[in-house]
Amino acid sequence: MSFINHMAKEINCKIVYYGPGLCGKTTNLQFIHERTKPDSKGKMITLATETERTLFFDFMPLDLGQVHGYKVRFHLYTVPGQVFYDASRKLILKGSDGIIFVADSQPGRLEADIESFENLDQNLSENDLHLAKLAHVIQYNKRDVPGAAPIEELRAAVNPNGAPEFEANAKSGQGVFETLKGLAKIVLPRLSKPGQ
Ligand SMILES: Nc1nc2c(ncn2[C@@H]2O[C@H](COP(=O)(O)OP(=O)(O)OP(=O)(O)O)[C@@H](O)[C@H]2O)c(=O)[nH]1
Ligand SMILES: [Mg+2]
């Protein structure tokens, strides 16, 4: 569902960072935002819930190349990872063109990774979508933490479709752009042609 602005010759592309609480989704966005030139990015927007708790979505357009002569404006969203924000997650997933699933490599977080991955599957199916058909990549984040879970273990848990995968340390920025570019490679050719 990519929205096309013919006047501005822009195709909009919505990408959602999904994963368990504290896995590093917001950190990914912050790094990308910091490293993007002021003239090619919008403001980071954070929505607060009625409980005033700063919650979830960060919005940031980022120009990354052209498709069919149109510029692509990426809209990056993060979901709130904590289990009880399911309604927000469902809402944010709507109309997404691609998903980056961020798994936490920290010891003791494997269950949370699995739970979040299953939750993604469930929320997509409620929107009549399926991960296997949707452009997606997996990011194994926090590779820097002592005793990080082996990649094979994480892969078996959250990459059943054999999606492209990336190791990252979002705090230092390592692997952050690689992950986004990896998804862009899959998403861009799938964006609908202007005029169709
Ligand atoms: N060591 C290490 N810490 C990280 C890494 N990425 C993120 N963190 C830290 O993990 C904590 C949580 O990061 P966030 O980006 O807020 O996590 P989140 O996924 O947005 O969490 P929710 O919004 O609650 O779902 C922060 O203290 C980050 O600095 C990483 O690669 N390595
Ligand atoms: Mg966050």
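In strand β7 (residues 165–167), Glu-165 is the bridge partner of Ile-138. The model is predicted; local features need pLDDT of at least 70, side-chain atom pairs count only at pLDDT 80 or more, and totals for chains, interfaces and linings use all residues. Residues are numbered from 1 along each chain as its sequence is written, and side-chain values use heavy atoms, with hydrogens and water left out. Helices (H or I, at least four residues) and strands (E, at least two) are DSSP runs, numbered from the N terminus.

Strands β6 and β7 pair in the parallel sense over three bridges; pairing requires that DSSP finds at least two bridges between two strands. From β6 the chain crosses through helix α4 (residues 151–158) to β7, in a right-handed β-α-β crossover. Right-handed denotes a clockwise path from the first strand over the helix to the second, with the strands pointing away from the viewer. On its other pairing, β6 runs parallel to strand β5 (residues 98–104), joined by seven bridges. Gly-98 stands opposite Ala-135 of β6. β5, α3 and β6 also form a right-handed β-α-β unit.

Strand β6 (residues 135–141) is mostly covered, with seven of its seven residues buried (under 20% relative accessible area; exposed is over 50%, partly exposed in between; 1.4 Å probe, protein chains only). One side carries Ala-135, Val-137, Gln-139 and Asn-141, the other His-136, Ile-138 and Tyr-140.

In α4, the buried residues are Ile-151, Leu-154, Ala-157 and Val-158. They fall within an arc of 130 degrees seen down the helix axis, so they line one face of α4. The arc is that of the directions from the helix axis to the C-beta atoms. These buried residues pack against β5, α3, β6 and β7. Glu-152 and Ala-156 are exposed on the face turned away from the buried side.

Ser-116 lies in helix α3 (residues 110–126). Its relative accessible area is 8%, so Ser-116 is buried. Beyond neighbours within four places in sequence, Ser-116 is in contact (heavy atoms within 4.5 Å) with Tyr-18, Gly-19, Pro-20 and Phe-101.

Methods
Chains are lettered from A and ligands numbered from 1 in the order in which they are written.
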